[in-house]
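Work through the exercises below with the structure open. Try each task before reading its solution.

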Amino acid sequence: MENTFETVRQILGSPLWGVAGRVVLVALGILWLALVFWTFKDARQRIEDKLVVVVAVLTSLVFPFIGSLVYLILRPAEYLMDAKERELEILAMEQELRSVRICPNCREPVREEFVACPKCRRPLRDTCASCGRPLEYWWKLCPYCGRDVIASHRGVEETAELLEVN
Ligand SMILES: [Zn+2]
Ligand SMILES: [Zn+2]
């Protein structure tokens, strides 16, 4: 029994403990600095305000581990780049909704696929004399059936304009 105690005391008193403790401390220190760096890298991609980024980095520097954990909980959900991309997408969609084609003659809103204005009968696009599909005004032949358009040209020089409605 006494021998066992002696062994335990020897193990506890061993200088190896000091070394092990130092190794653990150094490892924790490296982890702490790595977390600070990670916070900096991550915050820069998510937060636009430079001051907030500095505060986040300082927090994780001053409060090891806890600071980084708090940042992890509070950080914005998406990257700045994703947020910008989403904003642009929404803007493009709005633009599309707001831009309307109108008849150059009576300013009536017309749909892209209309071949003539339903209100004033003005032709907006040629149709193929052979297959009847709508043609773009610069097409020299019908891409659907191959018929030469010049032969059936109705003289539509001006297609529906694109109007920006604000
Ligand atoms: Zn019209
Ligand atoms: Zn055709």
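**Exercise 1. Identify the largest nonpolar core and the elements that build it.**

Solution. Start with the members: the largest nonpolar core has 5 residues, Val36, Ala43, Ala56, Val57 and Tyr71. Such a core is a set of buried Ala, Val, Leu, Ile, Met, Phe, Trp, Tyr and Cys residues joined through C-beta atoms within 7 Å. Buried means 20 or more other C-beta atoms within 10 Å of the residue's own; exposed means 12 or fewer; partly exposed lies in between; C-beta atoms are placed from the backbone. Next, assign elements: α2 (15-46) and α3 (50-62) each give two or more residues to this core. Helices (H or I, at least four residues) and strands (E, at least two) are DSSP runs, numbered from the N terminus. Finally, take one member: beyond its neighbours within four places in sequence, alanine 56 contacts Thr39, Ala43 and Tyr71. Contact means C-beta atoms, placed from the backbone, within 7 Å.

The model is predicted; local features need pLDDT of at least 70, side-chain atom pairs count only at pLDDT 80 or more, and totals for chains, interfaces and linings use all residues. Residues are numbered from 1 along each chain as its sequence is written, while chains are lettered from A and ligands numbered from 1 in the order in which they are written.

**Exercise 2. Judge the confidence and outline the fold.**

Solution. Confidence comes first. pLDDT is the predictor's confidence in each residue, from 0 to 100. The protein chain averages 84, and 89% of the residues score at least 70. Confidence is highest in α3, at 94, and lowest in strand β5 (residues 161-164), at a mean of 58. Now the fold: the protein chain has 5 helices and 5 strands. From the N terminus on, the order is α-α-α-α-α-β-β-β-β-β. Then burial: 12% of the 166 residues count as buried.

**Exercise 3. Describe how α3 packs on α4.**

Solution. Take the geometry. The axes of α3 and helix α4 (residues 66-74) come within 6 Å and cross at roughly 145 degrees. Axes are lines fitted to C-alpha atoms, for helices over the stretch in contact, and angles run from 0 to 180 degrees between N-to-C directions. List the partners: Ala56, Thr59, Ser60, Leu61 and Val62 of α3 meet Gly67, Ser68, Val70 and Tyr71 of α4. In the loop between these helices lies phenylalanine 65. Its phi is positive, about 65 degrees, although it is not a glycine. Phenylalanine 65 counts as exposed because it has 12 C-beta neighbours inside 10 Å.

**Exercise 4. Is α5 buried or in the open?**

Solution. Check the length: helix α5 (residues 80-98) has 19 residues and reaches 27 Å from first C-alpha to last. That is close to the 27 Å expected at 1.5 Å a residue, where the expected span is 1.5 Å times one less than the number of residues. Count burial: of the 19 residues, the number buried is 0, so α5 lies largely in the open.

How values were computed:
Two residues are in contact if their C-beta atoms, placed from the backbone, lie within 7 Å.
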